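Please look over the sequence and the model first.

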Amino acid sequence: MMIRQLLGNNLSIKLLSLLLAVAFWVLATGAKESERDISISLSIRNLPAGLSVDGTLPGSVELTVSGSKIRLLGLRPENMSLSLDLRNLQEGTVTFSGMEKRLRIPPGITVLRLYPSVIDVKLVRSSQRDAR
């Protein structure tokens with residue numbers, strides 16, 4: 001009976017205190033910096049007419065990102081992509097680098113590593129590719 005009285009007195013204040021303690025704990029642990037490895041799709045766009053890509057391109061790029069745990073939990077790789085714009089390019093090999101600048105990532109998240117960091121795209125006339 002005594003335990004019931006101890007727990008029952010000021011129940012609303014005790015529940016509020018517990019709720020606040022849990023909220024502060026979540027905020028404190030969620031604010032810590034963390035890292036996460038993700039894979040995002042790679043695509044090409046604006047391929048000039050009469051040209052085609054010779055060889056294969058990676059289907060995705062691997063990223064290591066850092067930020068608060070809460071921000072990283074909200075990061076959805078399936079909603080992110082990296083596209084290479086081939087507009088106004090001619091026949092030959094084009095090297096794409098600095099791709100972390102092409103990514104749209106939420107504020108508060110930093111790209112630590114991107115692999116591959118450089119992608120070479122070889123463009124050939126479509127008739128040359130068909131002749132092989």
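From the N terminus on, the elements of the protein chain follow the order α-α-β-β-β-α-β-β-β-β-α. That comes to 4 helices and 7 strands. The model is a predicted one.

The protein chain has 132 residues, and 26% of them count as buried. Among contacts with a separation of 6 or more, 75% are accounted for by residues 24 or more positions apart.

**The sheet**

In what order do the 4 strands of the open sheet lie? The order is β4-β1-β3-β6, and the pairing is mixed. Strands β4 and β6 are the edge strands, each pairing on one side only. From one strand to the next, the twist averages 30°.

| Strands | Sense | Bridges | Residues standing opposite |
|---|---|---|---|
| β1 and β4 | parallel | 5 bridges | serine 43 and serine 83 |
| β1 and β3 | antiparallel | 9 bridges | serine 39 and glutamate 62 |
| β3 and β6 | antiparallel | 5 bridges | valine 65 and valine 111 |

Strand β1 covers residues 33–45, and strand β6 covers residues 110–115. Strand β3, made up of residues 60–68, is mostly covered, with 7 of its 9 residues buried. β3 pairs with β1 over 9 bridges and with β6 over 5 bridges.

**A nonpolar patch**

On the surface, Leu11, Leu15, Leu18, Val22, Trp25 and Val26 form a nonpolar patch. Together these residues have about 610 Å² of accessible area. One of them, leucine 15, lies in helix α2, which spans residues 11–30. Why does leucine 15 count as exposed? Its relative accessibility is 51%, and the term exposed applies to values over 50%.

**Loops and backbone details**

Some backbone details lie in the loops. Two asparagines have a positive phi. For asparagine 46 the angle is about 55°, although this residue is not a glycine. Asparagine 46 sits in the loop between β1 and β2, the latter being residues 51–54. Its relative accessible area is 34%, so asparagine 46 is partly exposed; that class lies between the 20% limit for buried and the 50% limit for exposed.

Asparagine 88 has a phi near 60°, again a positive value in a residue other than glycine. It belongs to the loop between β4 (81–85) and β5 (92–96). Is asparagine 88 buried or exposed? Asparagine 88 is exposed because its relative accessible area is 68%, and exposed means over 50%.

A further detail concerns a peptide bond. The bond from tyrosine 115 to proline 116 is cis, with omega near -5°. Tyrosine 115 is at the end of β6, whose residues are 110–115. Proline 116 is found in the loop between β6 and β7, where β7 covers 119–125.

**Summary**

The open sheet has the order β4-β1-β3-β6, with β3 mostly covered. Leucine 15, part of the nonpolar patch, counts as exposed. The loops hold asparagine 46, asparagine 88 and proline 116.

Methods: Residues are numbered from 1 along each chain as its sequence is written. This is a predicted model: local features need pLDDT of at least 70, side-chain atom pairs count only at pLDDT 80 or more; totals for chains, interfaces and linings use all residues. Side-chain values use heavy atoms; hydrogens and water are left out. Buried means under 20% relative accessible area, exposed over 50%, partly exposed in between (1.4 Å probe, protein chains only). Two strands pair if DSSP finds at least two bridges between them. Patches are made of residues with over 30% relative accessible area and no salt bridge: like charges are joined within 9 Å, nonpolar side chains (Val, Leu, Ile, Met, Phe, Trp, Tyr) within 5 Å. Accessible areas come from the Shrake-Rupley method with a 1.4 Å probe; for residues, only the protein chains shown count as cover. A salt bridge is a side-chain nitrogen of Lys or Arg within 4 Å of a carboxyl oxygen of Asp or Glu. Axes are lines fitted to C-alpha atoms, for helices over the stretch in contact, and angles run from 0 to 180 degrees between N-to-C directions. Contact means heavy atoms within 4.5 Å.
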